[in-house]
Each structure stands twice: as C-alpha cells, then as structure tokens.
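Reader: I am new to this structure and would like to learn how to read it feature by feature. Could we go through it together?

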Amino acid sequence: TEPSACWRCNSSCVMSGLMRVARILRGVSPTSQGLRGGIGCAVQPQIAQAQGTPTGPLPSMPGWISIAGQSRTLRLSAASAHGGFEMKDPASEDEVVNVTYIDRDGTKHEIRGKVGDNLLYLAHRYEIDLEGACEASLACSTCHVYVDDAYFDEIPEPEEGEEDMLDLAALLQLNSRLGCQIILTKELDGLVVTLPNVTRNFYVDGHVPKPH
C-alpha cells in the first residue's frame, strides 16, 4: 500500500496497536472479541449487510427502507439533549459525585457533579478546557482524559467505538479514556481525571461546544 493510501498507516498507528496490547495485558480488553486488527491500521469500514430481500411488500416496521428492491435496516435512536442534564444541580446529597479535573497547567478544579452526569458535559458547565468537538458522538478524541488508577476499574470497559477514537488520541496511556463515555456513579465519588498536555483538536479558533 502506498503511504498516501491510508493516513493512519504510520508509526502512530503501530504505537496505538501496542498500547491496545498493553491495555489487554492490564486486564482491560477493548472488546469481548479481543484485539481487533492486530498492530495494523485500526480504521476498518463497517459494512452493513442486508438481512434479506422481501418478495412482497415491506413489513410495516420503523427503520426499514427499500432501494432498488433491496431492504436495509436502520438503527434509530432518540435525540439527546446535549449537556442539559448536567446543567442541573444534585437534588440531594445522595446524588452528589465529587470530581476533580486537573487541567494542563496543573490547576485542580473540584466539582460537585451528580449521579448520571456525563464527564464531558459537566466539564463544559464549569468551563473546563475539555473540548469534545463531536459532542459525544464518538467521532473524535478531543475529550481524552487520564483516569486516576484508583477509579479506572470502576468505569465500564470501553466499547469498540471508543477504542477506535482512542487510537487517534495524542499521548495515549494505559489509563486513557474518553470523557464523553464516562457517566458518573456513586462508585466514582472522588474521581480524579487529568487532561493531557496536548490534544488533536478539530476546532482551530479555540471554540468549545456549549450545552444546548
């Protein structure tokens, strides 16, 4: 393959593969199927396959479309209010989850979150410099954080989409996660996350998405 054929096939791609191996050895498997794609390029197209071609009228089910006689199923999801939940204070002390963000200059921000808060949107509420360019749609790595080891195992293992985006993150470490995939629980009370010194930002003008 020519170097220009895949922008991912370079030394950083190899390093991200090695990081995945290290994470598996630590006991954090990327997926239940094990290491995906080995050390090679992690960008693999996901090909949707038809579940069958009905010979009669399409069933009256939401999510079905027909193109040139072939059927496909679509996954539909409810619209989310980005960051709206995080703008609300805890209703009681039982809901409080204390989080400390350590920004790039070492400043600590001690925040009172609540059960169910998204770590990314909570940072936006308090104007902490955690970008999240794709607004939690798993299309970037700009909410990359380092999770304190004491809390790392309290967070559910990353799914395949998060692992793919972590491959794009600068300065990847064994305790790297995407902030948008961390939902606060009482087990995470006292959570400490550190922002990496650099990120691969999509916005070049310093814009940070706001809750809407």
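Reader: Which residue forms a salt bridge with Arg104?

Author: The general idea is that side chains of opposite charge can pair when their charged atoms come close. In this predicted model, Asp129 forms a salt bridge with Arg104, and their closest N and O atoms are 3.2 Å apart. Asp129 is in the loop between H2 and E5, while Arg104 is in the loop between E3 and E4, so the pair ties together parts that are 25 residues apart in sequence.

Reader: How many salt bridges does a search of the whole structure find?

Author: The search finds five. One of them joins Glu93 and Arg112, with the closest N and O atoms 3.1 Å apart. Glu93 belongs to the loop between strand E2 (70-73) and E3, and Arg112 to strand E4 (residues 108-114), so this pair ties together parts that are 19 residues apart in sequence. Glu93 is exposed, at a relative accessible area of 54%, whereas Arg112 is partly exposed, at 41%.

Reader: Which residue does Glu162 form a salt bridge with?

Author: Glu162 pairs with Arg177, and here the closest N and O atoms are 2.8 Å apart. Glu162 sits in helix H4 and Arg177 in strand E6, so the pair ties together parts that are 15 residues apart in sequence. Glu162 is buried, with a relative accessible area of 2%. Arg177 is buried too, with a relative accessible area of 2%.

Reader: Where does Lys114 lie in relation to Phe85?

Author: Lys114 lies over the face of the Phe85 ring, 4.2 Å from the ring centre. For pairs between aromatic rings, the count is zero.

Reader: How many helices and strands does the chain have?

Author: There are four helices and seven strands. Along the sequence they follow the pattern α-β-β-β-β-α-β-α-α-β-β. The chain has 212 residues, of which 38% count as buried. Among contacts with a separation of 6 or more, 65% are between residues 24 or more positions apart.

Reader: Which residues have the most contacts inside the largest nonpolar core?

Author: As background, nonpolar side chains tend to be buried together in soluble globular proteins. Here the largest nonpolar core has 30 residues, and those with the most contacts inside it are Tyr101, Leu119, Val147, Ile182, Leu184, Leu188 and Leu191. Two or more residues come from each of strand E3 (96-102), helix H2 (119-125), strand E5 (144-147), helix H3 (149-152), helix H4 (160-166) and E7. H2 gives the most, with five residues.

Reader: Leaving aside neighbours within four places in sequence, what is Leu191 in contact with?

Author: With those neighbours left aside, Leu191 is in contact with Asn98, Val99, Thr100, Leu119, Val147, Tyr151, Ile182 and Leu184.

Reader: Where does Glu187 lie?

Author: Glu187 lies in the loop between strand E6 (176-178) and strand E7 (191-194). Glu187 is exposed, with a relative accessible area of 51%; the cut-off for that word is over 50%. The side chain of Glu187 makes a polar contact with the side chain of Thr185, at 3.2 Å. Leaving aside neighbours within four places in sequence, Glu187 is in contact with Tyr151 and Glu154. Glu187 and Val115 are 72 residues apart along the chain, and their C-alpha atoms are separated by 9.5 Å.

Reader: Is Asp153 buried or exposed?

Author: Asp153 is exposed, with a relative accessible area of 63%. Its place is in the loop between H3 and H4. Asp153 and Leu188 are 35 residues apart in sequence, and 10.0 Å apart in space from C-alpha to C-alpha.

Reader: What is the phi of Glu135, and what is that of Ala136?

Author: The general rule is that most residues other than glycine have a negative phi. Glu135 has a positive phi of about 55° although it is not a glycine. Ala136, not a glycine either, has a positive phi of about 70°. Glu135 is in the loop between H2 and E5, and Ala136 is in the loop between H2 and E5 as well. Glu135 is partly exposed, with a relative accessible area of 22%, and Ala136 is partly exposed, at 27%.

Notes
Residues numbered from 1 in each chain as written. Predicted model: local features only at pLDDT ≥ 70, side-chain atom pairs only at ≥ 80, totals over all residues. Heavy atoms only, no water. Phe/Tyr/Trp six-rings, centres within 6.5 Å; stacked < 30°, edge-to-face > 60°. Lys NZ or Arg CZ within 6 Å of the ring centre and 35° of its normal. Buried < 20%, exposed > 50% of the residue type's maximum accessible area, 1.4 Å probe, protein only. Contact = heavy atoms within 4.5 Å. Polar contact = N/O pair within 3.5 Å; in protein donor to acceptor, adjacent residues only side chain to side chain. Core = buried A, V, L, I, M, F, W, Y, C linked by side-chain atoms within 4.5 Å. Salt bridge = Lys/Arg side-chain N within 4 Å of Asp/Glu carboxyl O.
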